[in-house]
Each structure stands twice: as C-alpha cells, then as structure tokens.
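Subject: Structure for your review

Dear colleague,

Please find the structure below, together with its sequence.

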Amino acid sequence: MPLLSERSLESIAKMFVGDEGELFHYLSGPQIVTFFNDHFDFRDIYQGGNAPTRWRYATGKIASVASSGRLDRFFSIVLGFKYMVSTFGCDEIEARERADKAKKRFNQVLISDELEIVGTDGEMKLVVIDSDLIPIGKGGFAEAFRQKSTGRVLKKLMPEVALDARNRHRFKREYEIMNDLSELPGVLRVFDFDESNCSYTMEAGETTLLEFMDNPLSEQVKMSIIEQIVGTMAAIHSRGYIHRDLSPTNNSRTPKRSNDEERHCSQRQSLRLDRDGKRPVVSPLGFLLSPRFLQHRY
C-alpha cells in the first residue's frame, strides 16, 4: 500500500480542515471529530481545550485511515461532489470545479512521495507514479508514456475509463487487432498487454508525419510517403480491417529496419469488418459498433 510521508500527511490535513489553500470549508474541532467518526467508525469524543490542534488531530486520523488501507475511501469522500455540495452549499458545477482544484493541489503535495490520486467522483485511488515512465500524451480515453528503460511507448487506459468493463474489453480488442497486424511493414508493432493496469507497450516512432512535413520535402519524397501509407492501408483492408482515423498526426516515422527501408506506421487502432462484409459504424472514440447499437445509443 502506498505510504505518505509525514510532511504530505500534514499538508493534506491542513488543507482538509480549511487552514491552507482555501480548498475546503473551515472545519471546527467537533466537526472534524464527527467526520472521522461517521465515515471511518472511530469513537472519539471532542475534548475541547485538551484536544490537539485541529490539523494535528486530522493528521493523526488520516494516518490511521492510511494504515488500515482506507486512504482511497478518504480521498473518494472529500474529493466527491456530494461532499463539496454539502460543505459549501454550492451547485454541482461549482462542486466539480472545487473537487478538481483540490485534487490537483493534493497531487502537487503527493508528487514528492511519487504518488498520485487518480479517478473521478466517488472512485478515487492513490497510485504509485512509475519513475520509468515519461508522459508524452493524454486523451479522453487513454494516456501514453515513453519507457526510459526500453524506449518503447506504453499506452494505458485512463483509470476512470477503466472502471467500465466494456471499455477494458474494447481497449484489449484494440491491442489484439494491432497485434494481428503487427507483421505488416507499415504498422507499429505492439508487444505486451498488462491485464492488471489495462496497458500495452508498442514500438515508438521518432516523429509524426505532421512534424516531418515541416521539413523541405521534394516531390519524390512526398510521393514515397503517399505510396507507403496507401500501400499500408491496402494491406490492412485486405486483412478485413479498416482504419478509424487516418491523419498526419497518427502516422509515425520510425528508425530504419533490417531491410533498410523507412516505415510510416499507423498508430491508431483499425477495426474489423462485420461478417456480412458491411463496414462497421464507428463512434468518435473508435469503438466497433453495429448500426443497430449505434442507432439505439444515440
């Protein structure tokens, strides 16, 4: 279980009781005692002048919560919209903004412990930041890192997205399709899929086609690039797949291979044709959806 330093515990406690950052509503001594009694089954009685300072008491309680493996629950409560609405008397939009701001500030503290809070309302989780990973991109569905140890790219499903089993299935399906196409000369190779954190590793490109186009290119080079991309797409189609999002940002220039040829590789997933030969209807997220399902969903 991730361990918080004493400094991090104190900083989080001070913010939580309203002493620092103006992120949370000011909590009196009796309110703090009630919070931990109600949510974590403590049986403390407020002792008035004999009690420790408010933030010191909160620090000790957060440490106890952490030692019992319930720190995720603490963050899920205090960073939840319901808690923000009840303490500030605000609407849901303001509650969301306050929760996001508090989460970012907590993470600024936790980074010194190589920890990070991930997740969304009611589903927060404290995770260890992998020092081997360098963030290189992030979208609404997944995030990408470069592995310093291997030079490969690790693509990982966003924690809040991974809560849905359907998203996990679709993400693994993306990997399986890419793996099926990996032997093609114009497709990035994928390697290992990790079920434990919904991630897979793949070959890293040196630069995107969009970035490469900033260089002065001769007509011969331009035609060569076009031929490589068209040839790759034809090979993909011949295997019963179509590409969901072909663009200059989704093609990468890779190092020369054993055949001493440069490859421009498709980075995004391709999608299998329906068994009846009809093209599947694809949502903006790139998932394979039948026309009936798409019509029902929208």
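The notes below go from the whole chain to single residues.

**The chain as a whole**

Please bear in mind that this is a predicted model. The protein chain contains 10 helices and 14 strands. It has 298 residues, and 42% of them count as buried. Among the contacts that join residues at least 6 apart in sequence, 53% link residues at least 24 apart.

**Confidence**

The average pLDDT of the protein chain is 79, and 82% of the residues score at least 70. The pLDDT falls below 50 over residues 258-263, a stretch that has 16 contacts in the model beyond near neighbours in sequence. It is also below 50 over residues 267-298, where 74 such contacts are found. Where pLDDT is low, the predicted coordinates should not be read in detail.

**Helix 2 and the residue after it**

The buried residues in helix 2 are G29, I32, V33, F35, F36, N37 and F40. An α-helix has 3.6 residues a turn, so residues three or four places apart point the same way. The cover over the buried residues of helix 2 includes helix 1 (6-16), helix 3, helix 4 (71-78) and helix 5 (81-88).

Directly after helix 2 comes D41, with a positive phi near 60 degrees. D41 belongs to the loop between helix 2 (29-40) and helix 3 (54-67), and it has this positive phi although it is not a glycine. D41 counts as exposed because its relative accessible area, 56%, is over 50%.

A second residue of this kind is E114, which is not glycine and has a positive phi near 60 degrees. E114 sits in the loop between helix 6 (92-110) and strand 1 (115-118). Its relative accessible area is 43%, so E114 is partly exposed.

**The largest pocket**

The largest pocket holds about 1,200 Å³ of space. Its lining is made up of 45 residues, and those nearest its centre are E116, V118, E143, K156 and P159. Two or more lining residues come from each of helix 6, strand 1, strand 2 (125-128), strand 3 (133-138), strand 4 (142-147), strand 5 (153-157), strand 6 (190-194) and strand 7 (199-202). Sorted by class, the lining has 22 nonpolar, nine polar and 14 charged residues.

T201 is part of strand 7. Is T201 buried or exposed? With a relative accessibility of 8%, T201 is under the 20% cut-off and therefore counts as buried. Apart from its neighbours within four places in sequence, T201 is in contact with Q147, R152, V153, L154, V190, F191 and D192.

E203 lies in the loop between strand 7 and strand 8 (207-208). This residue is buried too, with a relative accessible area of 11%. E203 and V190 are 13 residues apart along the chain, and their C-alpha atoms are separated by 6.2 Å.

Yours sincerely,

A colleague

Conventions. Residues are numbered from 1 along each chain as its sequence is written. This is a predicted model: local features need pLDDT of at least 70, side-chain atom pairs count only at pLDDT 80 or more; totals for chains, interfaces and linings use all residues. Side-chain values use heavy atoms; hydrogens and water are left out. Helices (H or I, at least four residues) and strands (E, at least two) are DSSP runs, numbered from the N terminus. Buried means under 20% relative accessible area, exposed over 50%, partly exposed in between (1.4 Å probe, protein chains only). On a 1 Å grid over the protein atoms alone, a cavity is a set of points where a 1.4 Å probe fits but cannot get out, and a pocket is an open set with protein on both sides within 12 Å along at least five of seven lines; lining residues have an atom within 4 Å of a point. Grid points are joined across faces, edges and corners, and a volume is the space filled by probe spheres set on the points. Ala, Val, Leu, Ile, Met, Phe, Trp, Tyr, Cys and Pro count as nonpolar, Asp, Glu, Lys and Arg as charged, and the others, Gly among them, as polar. Contact means heavy atoms within 4.5 Å. pLDDT is the predictor's confidence in each residue, from 0 to 100.
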